[in-house]
Amino acid sequence: MSSTFSLAPKPYIRESNGNLLAPKSMLTTIRAEVITAPKQRNTRIFPELSIQGIPVADLHVQEIVQRQSKSIAKVGTSRKSQFDPSFLEEAYQRCRNICAEYAKTFYLGTLLMTEERQKAIWAIYVWCRRTDELVDGPNSAHMNSEVLDRWEERLEDIFEGRPYDMLDAALTHTVLSFPLDIKPFRDMIEGMRMDTRKCRYQNFQELYLYCYYVAGTVGLMSVPVMGIAPDSLNSTQSTYDAALYLGIGNQLTNILRDVGEDAARGRVYLPQDELAQFGLCDNDVFARKVTDQWRKFMKEQISRARFYFNLAEEGASQLDKDSRWPVWSSLLIYRNILDAIEENDYDNLTKRAYVGRAKKLLMLPMAYTKSLHTHSLISQ
């Protein structure tokens, strides 16, 4: 599918200081080159948008990778589960039921994983969902900083082996079984804090940080559970980076899909400076009128989301073979959401792009086929 996308997947170049730079052939800065525009008076020049996010060094991803890699040998030896087996079985079954109900396609993809990995992924999914519902769920009206502070204290208890309820216990057991670092979980809670105090993002770097907090972190949580293929020629860091990029691409897609719904809540998750570059502002979003300027703006936003999916593909192919199917399923489905926005003539102001159940099911065999292959892009 990548051949149909306008942005080819090219790796970042790593500097000696650990920062990542995009190759010069990529869209790394706002440039003076123009996208073809109608020939008329006062023709507006539409610049290509930045794809430069925040270097992984600034997000301290390397430290997470190092801690999770160092703790692999300790898992299952120094810490023993204090839970009754029947209690644990019920805890994981509840996580499984929640995942099967709210993430049906992803859940089907987990069924090829080993039983231990299945349970761990279900437990992580449930914790992330519960965290998200603090801000977007039915009780979100009661959300405040104290609630998130208590949730973070509860997270620390989970990692210390003191779960509050049965669903927490499933994650505690997962932490005992896999080399999970607490930082990605804390970072996700920080993303929820951003949602309570911020409803505008001045530029893509601000939005990228938000996307990392609420979605990129999920990739960092998942890699230790899914495992890296023994025959992978890529560095561990590059696989983690790709998992992060998948989260960024997914969240950018969520934002583009939900523009109209977010506007109804007074929220605009589109970079303010980029709206202005295309002669748009918040009022154009709230007016819900699809114009030629809006279409041009959306084309660039979609291209950027696809760029991050392209970066994520390599990491999906480097995971342990039994763990690739759900990741490829997510990649293909989210890419199809972008296709659906295009098919709606870029009207994400009054329409919600979605992938129907039948189409999702048809993607599963394609995702499975892709999951069987390992291809390497060795870091230069």
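**A cysteine and its surroundings**

Mentor: Leaving aside neighbours within four places in sequence, Cys128 is in contact (heavy atoms within 4.5 Å) with Met188, Val218 and Met221. This is a predicted model: local features need pLDDT of at least 70, side-chain atom pairs count only at pLDDT 80 or more, and totals for chains, interfaces and linings use all residues. Residues are numbered from 1 along each chain as its sequence is written, and side-chain values use heavy atoms, without hydrogens or water.

Cys128 sits in helix α4, residues 115–136 (a DSSP run of H or I, at least four residues, numbered from the N terminus). Its relative accessibility is 11%, so Cys128 counts as buried (under 20% relative accessible area, 1.4 Å probe, protein chains only). Ala215 is 87 residues away along the chain, yet the two C-alpha atoms are separated by 9.4 Å.

Now to helix α8, residues 204–226. The helix bends by about 50° at Tyr212 (the angle between axes fitted to the seven residues ending there and the seven starting there). Of its 23 residues, 19 are buried, so α8 is largely enclosed by the rest of the structure. Both ends have something to check. At the N-terminal end, Asn203 is the cap. One of its side-chain oxygens lies 3.2 Å from the backbone nitrogen of Gln205 (a polar contact pairs N or O atoms within 3.5 Å, one able to donate a hydrogen and the other to accept it; residues adjacent in sequence count only if both atoms are side-chain atoms). Just past α8, Gly227 takes a positive phi of about 80°.

How values were computed. Helices (H or I, at least four residues) and strands (E, at least two) are DSSP runs, numbered from the N terminus. Buried means under 20% relative accessible area, exposed over 50%, partly exposed in between (1.4 Å probe, protein chains only).
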